Amino acid sequence: MAGKVFFSVSMSLDGFIAPDSPGDLMGQQWMELQRWVFPLRFFRENLKLGGGGEEGRDNDIVRETFERTGASVMGKRMFDAGEQMWPEEAPFHTPVFVVTHEKRDPWELPGGTTFHFVNDGIESALDQARQAAGDRDVRIAGGGATILEYVNAGLIDEFSIALSPVLFGSGIRLFEGVDASRVALKQLRAEHSPRVTHLTYAVRER
């Protein structure tokens, strides 16, 4: 279990990573937030959207994030939204552990994605994800409330933000409610592309 625990999200300039309502996912603001990723070759290949697509540093970052991930953890809200939108071959291609109060048998999809439903908290979900990931990393996929739980519990080693030139005005803030007295950051990288700025931080206990 040598891998790191990390998250990687797109964020608006005013600090939001999603609209308030799951019904607004795929709406105009969210599409603008994620616009940088849609043309990328790896994104298109992973979602079976056809050939072509852009290469370059943005594409490398998306591919590297995918390749380092041995398992993912997500909250029930994100799962419920994604269940409606993901293609039959979901884009994870690894085990995914869903933190929920719902009891449900594992759900296996084509392409290597299996959703496991964890009823006994975020630490249990992370322990199971670590076991499944082996020597690769565990990604906390979201949503914002789940990411925050892991940050405040001191369970995140590193995170990356793709800072997008978009303003939301309202929605789900990435760090709304963070226990700043416990969390200290060290910037590891800052990389600019024509569409977004990629920021990467190590996390340590203050």
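The second largest pocket is lined by Gly-75, Lys-76, Arg-77, Met-78, Val-99, Gly-143, Gly-144, Ala-145, Thr-146, Glu-149 and Ile-172. In this predicted model, local features need pLDDT of at least 70 and side-chain atom pairs count only at pLDDT 80 or more, while totals for chains, interfaces and linings use all residues. Residues are numbered from 1 along each chain as its sequence is written, and side-chain values use heavy atoms, with hydrogens and water left out.

**The pocket**

The volume of the second largest pocket is about 170 Å³. A pocket here is an open set of points on a 1 Å grid over the protein atoms alone, where a 1.4 Å probe fits, with protein on both sides within 12 Å along at least five of seven lines; lining residues have an atom within 4 Å of a point. Grid points are joined across faces, edges and corners, and the volume is the space filled by probe spheres set on the points.

Helices α4 (76–85) and α6 (144–152) each supply at least two residues of this lining. The largest share, four residues, comes from α6. Helices (H or I, at least four residues) and strands (E, at least two) are DSSP runs, numbered from the N terminus. By residue class, the lining divides into four nonpolar, four polar and three charged residues. In this scheme Ala, Val, Leu, Ile, Met, Phe, Trp, Tyr, Cys and Pro count as nonpolar, Asp, Glu, Lys and Arg as charged, and the others, Gly among them, as polar.

One of the lining residues, Gly-143, is placed in the loop between β7 (137–142) and α6. The peptide bond from Gly-142 to Gly-143 is cis, with omega near -5°. Seven of the nine residues of α6 are buried, so this helix is largely enclosed by the rest of the structure. Buried means under 20% relative accessible area, exposed over 50%, and partly exposed in between (1.4 Å probe, protein chains only). The buried residues of α6 are Gly-144, Thr-146, Ile-147, Leu-148, Tyr-150, Val-151 and Asn-152. Just after α6, Gly-154 has a positive phi of about 75°.

Strand β4 (residues 95–99) pairs with β6 in the parallel sense over five bridges; two strands pair if DSSP finds at least two bridges between them. Strand β5 (residues 107–108) runs antiparallel to β6 and is joined to it by two bridges. Glu-108 has Thr-114 as its bridge partner in β6. Five residues separate β5 and β6 in a hairpin, and Gly-111 in the turn has a positive phi of about 90°. Four of the five residues of β6 (residues 114–118) are buried, so the strand is largely enclosed by the rest of the structure. In the loop between α4 and β4 lies His-93, a residue other than glycine with a positive phi, near 60°.

**Aromatic rings and charges**

The model has 14 aromatic pairs. Rings of Phe, Tyr and Trp (its six-membered ring) pair if their centres lie within 6.5 Å; planes under 30 degrees apart count as stacked, over 60 as edge-to-face and the rest as tilted. Phe-79 and Trp-107 form an edge-to-face pair, 6.1 Å centre to centre with 90° between the planes. This pair links distant parts of the chain, with Phe-79 in helix α4 and Trp-107 in strand β5, 28 residues apart. Ring pairs join Phe-79, Trp-86, Phe-92, Trp-107, Phe-115 and Phe-117 into a cluster.

The charged end of Arg-104 sits over the ring of Trp-107, 5.4 Å from its centre. Arg-68 lies over the face of Phe-6, at 3.8 Å from the ring centre. A charge sits over a ring if NZ of Lys or CZ of Arg is within 6 Å of the ring centre and within 35 degrees of the ring normal.

Accessibilities of some individual residues are listed below.

| Residue | Class | Relative accessible area |
|---|---|---|
| Phe-79 | buried | 0% |
| Phe-16 | buried | 3% |
| Trp-107 | partly exposed | 27% |
| Gly-53 | partly exposed | 35% |

**Separations along the chain**

Phe-16 lies in strand β2 (residues 16–18). The C-alpha atoms of Phe-16 and Phe-92, 76 residues apart along the chain, are separated by 23 Å. Gly-53 is in the loop between α2 (41–46) and α3 (57–68). Between the C-alpha atoms of Gly-53 and Asn-152, 99 residues apart along the chain, the separation is 38 Å.
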